[in-house]
Amino acid sequence: MAAQQLQFEINGGRLSCSPGEAREGREPVRQVTAASDPAEPAVGVTMEEVVGRQNLQRALKRVCANQGSPGVDGMTVDQLKAHLRTHWPAIRQRLLDGQYTPEPVKQVLIPKPDGSSRTLGIPTVVDRFIQQALLQALTPIYDPGFSEHSFGFRPGRNAHQAVRQAKEYIAQGYEWVVDIDLEKCFDRINHDILMGRLVRRIPDKRILRLIRRYLQAGVMVNGVIQERYEGTPQGGPLSPLLSNILLDELDQELQRRGHKFCRYADDCNIYVRSERSGKRVMETIEGFLWKRLKLKVNRQKSAVARPQQRQFLGFSFTSNRWLKIKLADKALKKVKHRVKKITRRSRGVGLSQVVKELNTFLRGWLGYFRLIETPTIIKDLDSWIRRRLRCYMMKQWIKNCHTRYQRLRSLGVSGKGACGIAVSRKGPWALSNAKPVKVALSNRFFAEKGLLFLLDQYELKATTT
């Protein structure tokens, strides 16, 4: 048996196995077997395939690339390879015997701009590795059967495709949206209903038992392990697939009714032609979700309205003659909140450090929101960010009138203009909009400091896509 166990010999990030396993050199053959539901034939994915060499190599590479915080055991991603080199044979055997027990997840609260928080459950790096291997084995089985209207956490699909599809529906005359937000969807998933869906297509009881144990793994809160009887905590690689498997039943129901819709994880928008139709759809779908999936609709965040009055994945739509994708108001407030945090006047760090942090954030932000078709908001945001930086600089100079005068003069401001700013009693934010300050801390000044200009990057991306 020992000769058959996967041995980790990590050289340059590669995993090798024992000679007997290496000779196989191919993926296991999937065997189709009978299932309880004829529409969903069971597929012969086995635990042997999950712990196969090639699958584990891909899983290890992905976990190491994703990095992430340690779990309850404190082990970091950088320590994972050394740990597996020593302990993997025993872990693998427990998986094959159906005896592996996951560690509890660590609860982490992520603050939101509105003062609330999002709860994450961080598994240990070993459990993330095993979950990733499970995800890679199960995705080819489930993903091809998912609805074409589902865009979240799927290979080759993303939020931009969902927003473009929503725009197409609106252009076709479906000018009302049933905006459904599921109340704490990940935390309220019913384990028995989910397992009932899984058992239809997974005949290997070891995999089913392992998934059930991951669902029921406790949560470490302030050093105390709390049992969990529902939900699949956000933070593990497997959670998005499990939620898609459950919510696929909603997708199939909407398709059966002939609705135009887009779903991304727990955000679902259904497009209809009238408000009356929208209210009827909201009522019937709310009943379906509770009766079939035991999921509640968040009434405070859900509504029947014009698409221009709602936001979808951070985007909204213009209400003028020409339909365009624009930045949602909530997303604008969120980006400004983050910029304010980076440029807060009491930080006490140099401008170069602030610019460096801003550039890192703004590149990622624009990489997602490059889809918007209203560049004016990008131009205004650019201007506002530069004013925040001018305010930051004025705060550093405000303590001493002589210092402020000298700095402005050294940056090309006339003596009269520099004197007026130096003796002013106005605060940093008001002064940041004064003409002499704009002359001193011009766009060219910030460009020389390396500041990323959003409008330039937006236009560059527009020409290359």
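**Figure 1. Overview of the protein.** The secondary structure comes to 20 helices and twelve strands, where helices (H or I, at least four residues) and strands (E, at least two) are DSSP runs, numbered from the N terminus. This is a predicted model, in which local features need pLDDT of at least 70 and side-chain atom pairs count only at pLDDT 80 or more, while totals for chains, interfaces and linings use all residues. Residues are numbered from 1 along each chain as its sequence is written, and side-chain values use heavy atoms, with hydrogens and water left out. Of the 465 residues in the protein, 47% are buried; buried means under 20% relative accessible area, exposed over 50%, and partly exposed in between (1.4 Å probe, protein chains only). Among contacts with a separation of 6 or more, 71% are between residues 24 or more positions apart, a contact being heavy atoms within 4.5 Å.

**Figure 2. The bend in helix α4.** Helix α4 covers residues 80–97 and bends by about 65° at His 87. The bend at a residue is the angle between axes fitted to the seven residues ending there and the seven starting there. After α4 comes Gly 98, with a positive phi near 75°.

**Figure 3. Helix α4 against helix α5.** Helix α5 (residues 125–142) packs with α4 at an angle of about 60°, and the two axes are 11 Å apart. Axes are lines fitted to C-alpha atoms, for helices over the stretch in contact, and angles run from 0 to 180 degrees between N-to-C directions. The two helices are therefore oblique to each other; angles under 35 degrees count as roughly parallel, over 145 as roughly antiparallel, 65 to 115 as roughly perpendicular and the rest as oblique. The crossing of α4 past α5 is right-handed. A crossing is left-handed if the near helix is turned anticlockwise from the far one by less than a right angle, and right-handed if clockwise. From α4, the residues Leu 80, His 83, Leu 84, Trp 88, Ile 91 and Leu 95 meet Val 125, Val 126, Phe 129 and Ile 130 of α5. This contact has nine nonpolar residues, one polar and no charged. Ala, Val, Leu, Ile, Met, Phe, Trp, Tyr, Cys and Pro count as nonpolar, Asp, Glu, Lys and Arg as charged, and the others, Gly among them, as polar.

**Figure 4. Helix α5 against helix α9.** The axes of α5 and α9 (residues 205–216) come within 12 Å and cross at roughly 130°. These helices are therefore oblique to each other, and their crossing is left-handed. On the α5 side, Asp 127, Ile 130, Gln 131, Leu 134 and Leu 138 take part, meeting Ile 207, Leu 210, Ile 211 and Tyr 214 in α9. By class, the residues of this contact are seven nonpolar, one polar and one charged.

**Figure 5. Helix α15 against helix α16.** Helices α15 (residues 401–410) and α16 (residues 415–422) have axes 9 Å apart and pack at an angle of about 150°. Their crossing is right-handed. Cys 401, Arg 404, Tyr 405, Leu 408 and Arg 409 belong to α15 and meet Gly 415, Ala 418, Cys 419, Ile 421 and Ala 422 in α16. Seven nonpolar, one polar and two charged residues form this contact.

**Figure 6. Surroundings of Asn 55.** Asn 55 sits in helix α3 (residues 53–66). With a relative accessible area of 6%, Asn 55 is buried. Apart from neighbours within four places in sequence, Asn 55 is in contact with Glu 49, Val 50, Ala 133, Gln 136 and Ala 137.

**Figure 7. Ile 225 and Gly 235.** Ile 225 is in strand β7 (residues 224–226). Its C-alpha atom is separated by 7.2 Å from that of Pro 104, which is 121 residues away along the chain. Gly 235 lies in the loop between β7 and α10 (239–257) and is partly exposed, at 38% relative accessibility. Leaving aside neighbours within four places in sequence, Gly 235 is in contact with Gly 121, Pro 123 and Arg 128.

Figure 8. Lys 184, a residue other than glycine, has a positive phi near 45°. Lys 184 is in the loop between β5 (176–181) and α7 (185–188) and is exposed, with a relative accessible area of 53%. For Leu 313, phi is positive and near 60°. Leu 313 is in the loop between β10 (303–305) and β11 (315–317) and counts as buried, at 17% relative accessibility.
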